[in-house]
Amino acid sequence: MKLSAIIFCLLFSFAALSETKLSVDLAIDKLQYQKPPKGVGKAGSLIFKSANVNNNGIVLNVNNVNKIFDSQIFVRPTFLGFTTQFGDYGFSLEPNSVINSVNQTELLNSKLILDDNQLNVSGEFLSFINIDSSIKLRTFRLYCQNLSDQNSPLPSDSPANDMVSNCFRFLTLNGNYAPNNEAAILEFENKDKDTGDKLFLNAEVRSFDVRKNQVSANFKAARSVSNDSYFISADNLNLSCAKDEDLKEMDLNKIKKACLNELKIAPLKASIVDKAAKTNFNLDIKDLTVLDKIAYFTLNSGSFSDTVSTTTISNLMLNFQKETETDLLDLIQVLKDCISYTRLSIAEIKNTKPDEKDSAVKNILVNSSNGALLVHAEAKYLGIKAKVTITGRIALDEAQRQLNITVTDARLPMGINSVKLLMYFLKKTIVSKNISINSNIITVSL
Amino acid sequence: MKKTLLAFTLLLPALSIAGVYNCSGSGFIIDIAGMPLEMKIVGNGFNTMVTNVRATSNFDTIITGSTLNPPSSLKVTIKDSSFGNPGDSFKGNLQVSTPEEVKEYRGLNCIRGND
């Protein structure tokens, strides 16, 4: 959405004018802009085919046939100028103009229409590069529509601001740069100023739609890389989520919060690779839904591999409480909610280690409610099928990033009721780098 | 009954050129009325009143607006800068801008109405 404002402002800034009626229809071959040192001086070039502009009744229809309007760009903090063979023209800028925040941008083979009703820009390539972040779009169309009617408040004195607020209520990004082009290519890079964390996202966007109270996306493929070591990839990602109706600015936290409290992701296959930890997840997700403070997650199958073993999971169903403030991408926050309320069932968990017999646990049911824990499972030990019921308490140690499970009762096969025996078997099977057992307490490091 | 029919027959030609413009061609019928300014578009998937209708005149007469179903922004350009006499005919273009494409329809025939 910031994109639309920047495109608009970069090409025309009429904010200094008292009236703001504006329509623009441009065919651009190449626009290159690089903010000069200290914000003053030559700033790039503009080569265009045609320009039809009506700015408060000043009408300019240019067919740039002999390239005589090809321009060099000159910028000051409050002025944007274009110099051509035949003369110069330019526009005043507001001191806080968004153009002053642009470091570097490029636009190739693009068409732009902007008026009271719409922003419609399609192009072969568009980039915005700043010190800590960059965004690149290839073979794209971006369309924002004004949903207000004539009874709505009058436009402000800034067409850029008006168009941005329109984009927050009706925006579509897709690959309709040319007929039969299935998807827009989006690349996004960001380096967090505080943590130094790096994120790279690459997506083939079939459609990304913002509407009054909903955001939906259809990605042919999406890949993300965090800190050069954590890779997530998914194909055919379809999601829709809620959006704040009154959203008027790019508030990422607000957008994320609304979205993660009412979310629906259609079936997809995803993989997560952690190069540092040398682990690999492959997930065949049936459904992920968040609605009315409950998260529903269904997995057809999944596998988790590290350097020594592979664990496969089949038919997992998980429901858990999701408080409004909980960030679904924060494991600690999610676990905190899970302890309050969870229903989990897994048809089978199977562990495979080279040179060892496979071990499997079936028909697992886990209930937790306000820290009380109940687990049912079937395991095979020494060829004997054993049904186990475990009762206990579960608590999260946020400071230590540990999950502590205290087993208070264990019902084992043949009427045996022994926590000690259970812990003995668990010590033999589940203790690892992240799981330790001390007396009747199982500690999982997160 | 006869009188009603007669009145209707006499009124029909007048009604058909009522409004500011009536444009047709390329599968569209577009009615533009003034006082208040209104536009209706029919054809090629449209059958709706247009919202946010605005008119400007410079070298041409330009009427813009938008529709929600389907989502689009419309611009009718009529090669009539002088708001000619009722019944005069002018060439027109329609630009339909949508999330899918920007399409130009040329060769519309626009008849100036009485408004």
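Q: What share of the contacts in chain A with a separation of 6 or more comes from residues 24 or more positions apart?
A: Two residues are in contact if their C-beta atoms, placed from the backbone, lie within 7 Å. In chain A, residues 24 or more positions apart supply 50% of the contacts with a separation of 6 or more. This is a predicted model, in which local features need pLDDT of at least 70 and side-chain atom pairs count only at pLDDT 80 or more, while totals for chains, interfaces and linings use all residues. Residues are numbered from 1 along each chain as its sequence is written, and chains are lettered from A and ligands numbered from 1 in the order in which they are written.

Q: Is chain A compact or spread out?
A: The radius of gyration is taken over C-alpha atoms, and the globule rule is 2.2 Å times the number of residues to the power 0.38. Chain A contains five helices and 26 strands; helices (H or I, at least four residues) and strands (E, at least two) are DSSP runs, numbered from the N terminus. Its radius of gyration is 28 Å, well over the 22 Å that the rule gives for 446 residues, so chain A is more spread out than a compact globule. The C-alpha trace of chain A spans about 95 × 50 × 40 Å along its principal axes.

Q: How do β23(A) and β24(A) pair?
A: Two strands pair if DSSP finds at least two bridges between them. Here β23(A) (residues 384-397) and β24(A) (residues 402-411) are antiparallel over nine bridges. They form a hairpin with four residues between them, and R401(A) in the turn has a positive phi of about 55°. D397(A) stands opposite Q402(A) in β24(A).
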